[in-house]
Structure formats: C-alpha cells, structure tokens
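Here are a few notes to read with the model open beside you. Take them one point at a time.

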Amino acid sequence: MTLAAPTGATADPAERAFLRDLVDRAAVALDNAAQYERQHRISVQLQRSLLPAALPRFPGIELACRYRPGAAGQYAGGDWYDALALPGGRLALVIGDVMGRGVPAAALMGRLRTAIQAYTLEGLPAGPLLERLSVFLDTAGRRRYTTLCYAVYDPAGHRLELANAGHLPPLLSSPSGRARLLPVHHGLPLGVDAAFAYAGQTFSVPPGSSLLFYTDGLVEDRGRPLADRLGALCDALSGCTDPEELCERAMSVMAPPDGGDDVALLALHHPRAAR
C-alpha cells in the first residue's frame, strides 16, 4: 500500500498505527482468500479425478450423469455417482454424499467408491452391502456421516432392488403421468451405527420409464421446505424420460443459481422393446 500526502505534511502517531493495522489486516485477508481458493481448486480436482471417467456402455440401457461442484468460495463436498455392470445383465447404480467439505470428504468418497466396487463384485445384495460399508467406516475410524443409495437394476424383469442409507429417494418418471418419488425406507446414514440392519426393497420400473438419482444440492433451499422442493422436482420432470434431458432439465430448473452446494445426478432409461 502506498500513501501520498502534500509536501511537508506528516501523519501523527495514532494515524500511523491505524494505517499499519489496516495494512496488516488487508494482507491477512488477501492471504486467506488465496489459500481458500487453492484448497477449493485442489478438492474439486481431487473429487473430479475420483468420479467415473465415463459411464459403462450397457446394451439396451441409456445412462446420463452430471456433476457440478459448489460455487467458488465453497470447499467441494463428497458427492458422487457410479454405475457398474454386473453378471446376468444387471446394472448397479450408486449415488452418495459424504458429509463435510474439502479434501478429507473427497478422499473418503474415493475410499467408499472403491469399497462399493469390491463388495459389488462379491455379489452382495443391496441391504447387506450397506451393512458392510457401515462396518468399513467404523473400522476405518472415519466418523463422517454418509448418505447413500445403492440399487441394482434388472432389465430383464424391469425390477429395481435398492437399499437406502438416509439418502433422498430416487425419482421415477414414466412416459405418461406425473413423475413420482419411490417410497424408500430411508435408514440411518452410514457411520451412525455399524450394527444397523439395512432393508432391501424391490420396485417395478414400467417399460419406457426413467430413474433419476440425485444429491441434496439439487433440491435443498433454506427458504423453502424440502417437501415443496421435491414436489417441484416431480412437476419439472413429469413426462420426461430421455436421461440427458432429465439431467439438463433438473439442473436448469432445480439447481440453485448460486451453486452453493455440490450436485451429482445419475439417470437411467430403459426404452420399450421395439415391436
């Protein structure tokens, strides 16, 4: 900071002390802002590197996804999605949110994603898989609560088996009629109680319908009740089944414009069989 004064003018000791304090405070504020921006950039880069590079190609199934980090000035969170091909022509779908922000949340998200992939290959059903994950968090000493929805879609029978650990319910959109939320058992978030028993549920997915899995950054709004926002999501996506359009419409209509929180979306569409 450079200060100029008329020739011969001098600042008294009180003014000099005030200016020194002002400069010190400004320097600390600028340094903190620079560090915060670096941490945000690192956590976003880490989180993006841990998300799937591409969704798997699955015969007869259309998939789409979106990820938007929180706005600048916010640490990235631990939102993620995943899709895994399973034996027997089935498909595993994952959406989750590690509580907290920054590098620790993103790193734990990566560990959970790896654990889910391993447990999925073991052929665990949805409920026992969440129970195994809960024990994994407990034994790893990670007390960050995590909401998670794990589902397995069987295209042969148009059936969806899922278990839910405190996550928001998936949305089912049919070609005709209003989109609706699946009536899932919410369960406890992972990390709350390692002995909690998670119940699996099975839902019918009518031919030609689509599913949308999402994290809370899409619908949470401090100025409106969550139930109202979920209702608005159903209204916005009714009659829409194209997975790319589902994601685009959800982001454009529902995602807060300030981008305060991370948003992750995963959409699936199983077209009707051609006659």
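1. How do strand β9 and strand β10 pair, and over how many bridges? β9 (residues 210-214) and β10 (residues 263-269) run antiparallel, with 5 bridges between them. Within that pairing, Phe213 has Leu266 of β10 as its bridge partner. Strands here are DSSP runs of E with at least two residues, helices are runs of H or I with at least four, both numbered from the N terminus, and two strands pair if DSSP finds at least two bridges between them.

2. A word on the source: this is a predicted model, where local features need pLDDT of at least 70 and side-chain atom pairs count only at pLDDT 80 or more, while totals for chains, interfaces and linings use all residues. Residues are numbered from 1 along each chain as its sequence is written, and side-chain values use heavy atoms, leaving out hydrogens and water.

3. Now zoom out to the sheet. It's an open one of 5 strands, in the order β1-β10-β9-β6-β7, with antiparallel pairing. β1 (62-68) and β7 (180-181) sit at the edges with a single partner strand each, so one side of each has no neighbour in the sheet.

4. Arg66 and Glu248 form a salt bridge at 2.7 Å, N to O (a Lys or Arg side-chain nitrogen within 4 Å of an Asp or Glu carboxyl oxygen). Arg66 is in strand β1 and Glu248 in helix α5, so the pair ties together parts 182 residues apart in sequence. Glu244 joins Arg66 and Glu248 in a network of salt bridges.

5. The whole structure has 8 salt bridges. Another one joins Asp235 and Arg178 at 2.9 Å, N to O.
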